[in-house]
Amino acid sequence: MSGRTEGGVVERRPAGIPLICLVTSLILLPTPALAHASDRGHVLLLPTGYYLVGGAFAVAISFLVLALLPANRLDRFWRRCLPLFAFGDALRTAISLISFAGFAILIAAGLFGSRDPLSNPLPLVIWTLLWAGITLLQGVFGDLWSWLNPWVGPWRLASRLFGANDEGGWRLPRWLGCWPAVLLFFAFAWFELIDPAPDDPARLALAAGLYWLFTFLAMLAFGHRQWSRSGEFLSVLFSMVARFAIVERDENGRLALCWPGAKLLAAEPLPTSGIAFLLLALSSVSFDGLSKTFFWLGLFGINPLEFPGRTAMIGGGTFGLVLTFALLAAVFLLAVWLGQRLTGSDHPLGQAAGLLVWSIVPIALAYHVAHYLTALLVDGQYALAALSDPFALGWNLFGTADMQIEAGIVAGAGSAWWLWNVQAGAIILGHVLAVLVAHGFAWRLHPQPACAALSQFPLTLLMIAYTVFGLWLLATPTVG
């Protein structure tokens, strides 16, 4: 999931298919170079070598422990749930309409309010409260987005008004899978990571408004459910992340507590487009961290102490975003293929990869936590203040317009220590849980315990390498 760099707070933003057509014209428009006032980078003077070794050791030990544990007992233990209570769908439309009304107000604030991205609520709500906050809440509490998304309510009203079928008038071809969502997510990642001024409120309002309109028309044409599964990238991503949550909701609306990641094991193999989507989610957040390191800038002959700005890096950034995705996809498929060869399995590579790619979810969520921790702590405060005065007219709707922003919560040696440990811990724990999920699917593919463990050896090596890479990104100096 695209986000901020681990050592500090960096820009972030959304897009849609209209951006694919508009992005060229947008970057040619004169725009101010905007940056977050809360951006900062920590050069952590900590024994990072010990963290790298410790993280790799934790992932390796988890692999060995799982290889020795009885598969059936672990599976039964992990699938245990604690039933809670039933929760109906009666308010879903009303909540979505409220969400849409709030979104419309935010778009108006983006167009007519302050141009300062730390005073205008649109960038703060979309990037901090929605993209950073809701993603994390999805990973803990389940599918909140299906209630909060701003399309369900308007789509249902329009469908009743025009007498449209709930399934839409047209059908998407089965072979299309979720490739539209892959393209839209790539446009989103490009806009967030490479566009020269994605925090500009008016620019963001145009992109977000066009994306909402495009998605709404697509839902009228193809049906809400069909487009949400194939084209609306937020819904596709959030539904995948929700499978990691500790709260599940069955078809009857009954809630239950479960172990993190347990719902992933009930998933079916993803098609090629689903594999690409999850790998893109992880590779984009990895490139976000890599693109701001002194190492990456040095490859293009740029002095990081005299950083020329995002405009100078459009070509290199686009190349890096594509290259990071291609490399991760190639290495992941190679690890799965080697695992299949080691066991002599006759399962098709697509089936094995479609199951094992679900182990990417805990890793992607862990990287999201590491990237967005400082954003939530600092920009979350700016968002609360901006929401009280969305149009910069001196209002104080919620009594938070004059609140003091405590940016010092992420500054200083003490803060650097606990931030680093929380971020590093999240990355290590995410990879350990990923090994657990991968083993669960390996047991589905290979009933014999020895074959299941052997098939996971190449993938575990990849996860160890990615753990070290993620911890290195946390520790290395970055621009911004």
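A charge is said to sit over a ring if NZ of Lys or CZ of Arg is within 6 Å of the ring centre and within 35 degrees of the ring normal. With that in hand, select Arg92 and Trp147: Arg92 lies over the face of Trp147, at 4.4 Å from the ring centre. Then move to Arg243, which lies over the face of Trp358, at 5.3 Å from the ring centre.

Before going on, keep in mind that this is a predicted model, in which local features need pLDDT of at least 70 and side-chain atom pairs count only at pLDDT 80 or more, while totals for chains, interfaces and linings use all residues. Residues are numbered from 1 along each chain as its sequence is written, and side-chain values use heavy atoms, with hydrogens and water left out.

**The whole chain**

Colour the chain by pLDDT, the predictor's confidence in each residue, from 0 to 100. The average for the protein chain is 82, and 85% of the residues score at least 70. Now select residues 1–46, where pLDDT stays under 50.

In a cartoon view the protein chain shows 19 helices and 3 strands; these are DSSP runs, numbered from the N terminus, with helices (H or I) of at least four residues and strands (E) of at least two. Of the 480 residues, 56% are buried, where buried means under 20% relative accessible area, exposed means over 50%, and partly exposed lies in between (1.4 Å probe, protein chains only).

Select Ser96, which is found in helix H4 and counts as buried because its relative accessibility is 0%. Leaving aside residues up to four places away in sequence, Ser96 touches Trp147, Asn149, Pro150, Trp151, Val152, Gly153 and Pro154, a contact being heavy atoms within 4.5 Å.

Next, look for the second largest pocket, with a volume of about 720 Å³. Its lining has 30 residues, of which Ser99, Phe103, Leu106, Val125 and Leu130 are the closest to its centre. Helices H4 (92–112), H5 (121–141), H6 (145–148), H9 (201–222) and H11 (233–242) each give two or more residues to this lining. On a 1 Å grid over the protein atoms alone, a pocket is an open set of points where a 1.4 Å probe fits, with protein on both sides within 12 Å along at least five of seven lines, and lining residues have an atom within 4 Å of a point. Grid points are joined across faces, edges and corners, and the volume is the space filled by probe spheres set on the points.

**Aromatic rings**

Rings of Phe, Tyr and Trp (its six-membered ring) pair if their centres lie within 6.5 Å, and planes under 30 degrees apart count as stacked, over 60 as edge-to-face and the rest as tilted. By this rule there are 24 aromatic pairs. Select Phe469 and Trp472, whose ring centres are 6.3 Å apart with planes at 25°, so this pair is stacked. The two residues are 3 residues apart in helix H19 (residues 457–475), which separates them by about one helical turn. Phe469 is partly exposed at 25%, and Trp472 is partly exposed at 31%.

**Two last stops**

Select Thr478, in the segment after H19, and Lys292: their C-alpha atoms are separated by 5.1 Å, although the residues are 186 residues apart along the chain. Finally, find Ala392 in the loop between helix H16 (360–388) and helix H17 (412–445). Ala392 is not a glycine, yet has a positive phi of about 55°.
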